[in-house]
Amino acid sequence: MKDTLHDEGAEGLGSLCDTVGGCQNGIAMAELIRSDIRHISNAANNEDSYRVLRGRVSVLKIAPDARFMSYLELAGFGSVALIRSSDLRFDLLSALVERWRPETHTFHFPCGECTVTLEDVAVQLGLLVDGNPVTGLSSLTDSAAVCYQLLGESPKDGDKYFSTIKFTWLRAKICRLSATASEGELMCAARAYIMHLIGALLMPDANGDSVHLSYLPLLADLSTARSYSWGSAVLAMLYKELCRAKNP
């Protein structure tokens with residue numbers, strides 16, 4: 001986070017919890033929000049309706065195969081692919097959401113305002129923040145054909161039209177990579193790994209068990225996949241979800 005909250009270690013985390021975790025602070029935040037705006041911090045005045053956020057974590061806990069690691073690096077996902085687990089503190093996340101101000105996309109603390117920046121995304125995740133916007137078609141005319149071309153097979157044989165790919169299918173494809181895999185098969189496995197990273201870690205949606213197919217065509221040429229500003233897309237998604245989560 002920028003400008004404030006650069007505490008290190010468990011002691012720093014504890015001080016942050018003390019700063020944002022109390023009910024009194026929730027009430028103070030509620031007083032800053034206009035009365036005509038629905039905000040979760042208003043629940044601090046009613047203990048019966050107080051909410052602690054819960055989430056689903058679908059991090060791929062297997063290390064990427066060394067044989068296709070070079071393709072992940074080529075596409076710009078080499079650093080984020082090394083993330084093995086996420087130990088989330090939902091009580092702390094809930095307290096942070098109470099402090100989120102959608103008008104300015106900042107957290108409001110007694111010591112001032114701070115936010116997550118593109119620099120944070122670039123440093124912590126190693127994603128590119130310069131380049132073309134991450135955009136594409138919300139639906140494909142022949143989903144199966146795209147999957148056969150870029151993943152080597154389709155998750156739904158006989159079904160021509162579908163919009164998501166389940167994480168279980170992606171994990172199974174990655175794990176069954178043969179010892180004699182060709183370069184084409186390694187590239188397909190790398191795309192599957194990146195798709196899992198996007199849907200489970202970087203830009204998850206409410207489904208929690210699948211990733212949207214619209215990202216796959218952007219990975220057709222792994223050497224040009226790094227021309228997209230994936231870091232900007234991740235930050236935009238974070239802001240969007242924080243604004244959604246602040247609703248009571």
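Me: Where is the place of T115?
Reply: Before that, a caveat: this is a predicted model, where local features need pLDDT of at least 70, side-chain atom pairs count only at pLDDT 80 or more, and totals for chains, interfaces and linings use all residues. Residues are numbered from 1 along each chain as its sequence is written, and side-chain values use heavy atoms, with hydrogens and water left out. Helices (H or I, at least four residues) and strands (E, at least two) are DSSP runs numbered from the N terminus. With that, T115 sits in the loop between β3 (112-114) and α5 (118-125).

Me: Is T115 buried or exposed?
Reply: The cut-offs are under 20% relative accessible area for buried, over 50% for exposed and partly exposed in between, using a 1.4 Å probe and protein chains only. T115 has a relative accessible area of 15%, so T115 is buried.

Me: How far apart in space are T115 and Y239, C-alpha to C-alpha?
Reply: Along the sequence, T115 and Y239 are 124 residues apart. In space, their C-alpha to C-alpha separation is 9.7 Å.

Me: How many helices and strands does the protein have?
Reply: The DSSP runs described above are what gets counted here. The tally for the protein is 10 helices and five strands.

Me: What percentage of contacts between residues at least 6 apart in sequence join residues at least 24 apart?
Reply: Contact means heavy atoms within 4.5 Å. Taking the contacts in the protein between residues at least 6 apart in sequence, the share joining residues at least 24 apart is 70%.

Me: Which residues is F68 in contact with, leaving aside its neighbours within four places in sequence?
Reply: F68 is one of the core residues that touch the most other members. Leaving aside neighbours within four places in sequence, the contacts of F68 are I174, L177, L186, A189, A190 and Y193.

Me: Why does S143 count as buried?
Reply: S143 lies in helix α6. Leaving aside neighbours within four places in sequence, S143 is in contact with K160, Y161, F162 and L213. S143 counts as buried because its relative accessibility is 1%.

Me: How far apart in space are F162 and A144, C-alpha to C-alpha?
Reply: F162 is in the loop between α6 and β4 (164-166), and it is buried, with a relative accessible area of 9%. Beyond its neighbours within four places in sequence, the contacts of F162 include S143, A144, C147 and L213. F162 and A144 are 18 residues apart in sequence, and their C-alpha to C-alpha separation in space is 7.8 Å.

Me: What is the volume of the second largest pocket?
Reply: On a 1 Å grid over the protein atoms alone, a pocket is an open set of points where a 1.4 Å probe fits, with protein on both sides within 12 Å along at least five of seven lines; lining residues have an atom within 4 Å of a point. Grid points are joined across faces, edges and corners, and a volume is the space filled by probe spheres set on the points. Lining residues of the second largest pocket include M203, D205, H212, Y215, K240 and E241, and β5 (210-212) and α10 each supply at least two residues of that lining. Its volume is about 150 Å³.

Me: What phi does H105 have?
Reply: Most residues other than glycine have a negative phi. H105 is in the loop between β1 (100-101) and β2, and at 29% relative accessibility it counts as partly exposed. Although H105 is not a glycine, its phi is positive, at about 55 degrees.

Methods:
Core = buried A, V, L, I, M, F, W, Y, C linked by side-chain atoms within 4.5 Å.
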